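Hello,

Here is the structure I said I would pass on. Please look it over before reading the notes below it.

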Amino acid sequence: MRVTTTVNGTEQSVDDVWPGESLLYVLRERMGLPGAKNACEQGECGSCTVYLDGEPVCACLVAAGQAIGREVVTVEGLADGERLHPVQEAFVECGAVQCGFCTPGLVVAAHDLLARVPSPSDLEIREALAGNLCRCTGYEKILDAVRLAATRQARP
Amino acid sequence: MDFLQPTTWAEALTLRAERPDALPIAGGTDVMVDLNFDRRRPGALLDLGRVAELREWGADDGRIRLGAGVPYARVIEDLGAQLPGLAMASRTVGSPQIRIRGTVGGNLGSASPAGDAHPPLLAAGAVVEIASAARGVRLVPAAEFYLGVKRNALEPDELIAAVLVPAAAGPQQFCKVGTRNAMVIAVSAFACALHPDRGAVGTGIGSAAPTPRRAPEAETFLAGELEAAGLWESRGELPETLAAAFGERVAAAASPIDDVRGSAAYRLHSLAVMARRAATWAWNDYRKAA
């Protein structure tokens, strides 16, 4: 099966995709985009969060064929060339990255939250990140990072 | 494995009839887990994501017709007023990522006893709209739709088109017990709906029997007591003893098992507590609405 989809603004086609394959597998193993992480494969951990047509989803739960003709944005598509997105910068500055495995998913989820809710309350941050697990349990620093990014976003 | 991707409902029904070995997939939040873990290897995936009709909802003669492909996120956003019980339950589904993809139709298709949408659908008296290319549409009340653990009333050539849910005529509540607020498969769940227009009470039990089920005796009991005490009219306080007796009757309607998520005894206890609280909250909402 051929899968053609727009990934980070560029149309890409891959062949010989098995129909039961996930979008995550296609991104990581066929398109060379290892940013979205493969962990639980059941939508519990959020490490594979990407945008599908502008909405954050678990790429492990999207069948590859369901992404045909759609727009996918992965964590690799958030930075502007070498310049990190403010959400990514905030994660680095706040020490919100420990082992780093959950980071790409959390960055995409936080990016989506701040695009919808520019100045989120702590409750809104917790709710928005409820589907992303950090097994280093570095949640406080992650919350700090989202707050910092929100503050910077509010002050152009 | 084939990937079938109809773009119209008629085409979807034709493919369903031609390929009984195909597994329908909507949001993928259940189906992909089974594929990722090698639990299922269907002959084909029937992707319903391109069938636009399935993603629509509309009001029809006092009922909301919710297309099978409407995701939880839209139920929460659009239908909090008309279907408060279902919207409350939808807010407890998984995480934002899951609610954006997962659908009520998918919940019905999976027919897990723990599915969050089932208790409020039962309490509201919802009806499942099923269709096939050969026989057209048939309507099955939610209470008759669940046949066993992950088994439902669908024939091999049928698909779920929509669920018809009466718009709420009174307050509705939903409770769910789990280890945290997000990302939880219910240990036990309960929904109730007050139907003051016909002096009735609706219930739905989740995760405490082989299928989601109503508690008919508890419904009749509470509605009868409210009627006998003239409380529907007076909107007086709900006696604590009545709420507790309702809770006991709800628990008596369940037949839970011990499993990794909780014991049967805990499920019975939590059901009695949830039913007592849910009835009290719903009744207090009814009093305030006067």
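The notes below cover the domains, a helix pair and the chain contact.

The model is predicted, so local features need pLDDT of at least 70 and side-chain atom pairs count only at pLDDT 80 or more, while totals for chains, interfaces and linings use all residues. Residues are numbered from 1 along each chain as its sequence is written, and chains are lettered from A and ligands numbered from 1 in the order in which they are written.

Domains of chain A. An automatic or database domain assignment gives the bounds: domain 1 is 3-77 and domain 2 is 86-154. Their C-alpha centres lie 21 Å apart. Contact, meaning C-beta atoms, placed from the backbone, within 7 Å, involves 13 residues of domain 1 and 11 residues of domain 2. On the domain 1 side, strand β3 (residues 49-52) of chain A gives the largest share, three residues. Strands are DSSP runs of E, at least two residues, and helices are runs of H or I, at least four, numbered from the N terminus.

Helix pair. In chain A, the axes of α2 (residues 86-93) and α5 (residues 139-154) come within 8 Å and cross at roughly 135 degrees. Axes are lines fitted to C-alpha atoms, for helices over the stretch in contact, with angles from 0 to 180 degrees between N-to-C directions. Residues of α2(A) that meet α5(A) include A:P86 and A:F91.

Chain contact. Chain B and chain A contribute 24 residues each. On the chain B side, α5(B) supplies the largest share, five residues.

Regards

Note on methods. Two residues are in contact if their C-beta atoms, placed from the backbone, lie within 7 Å.
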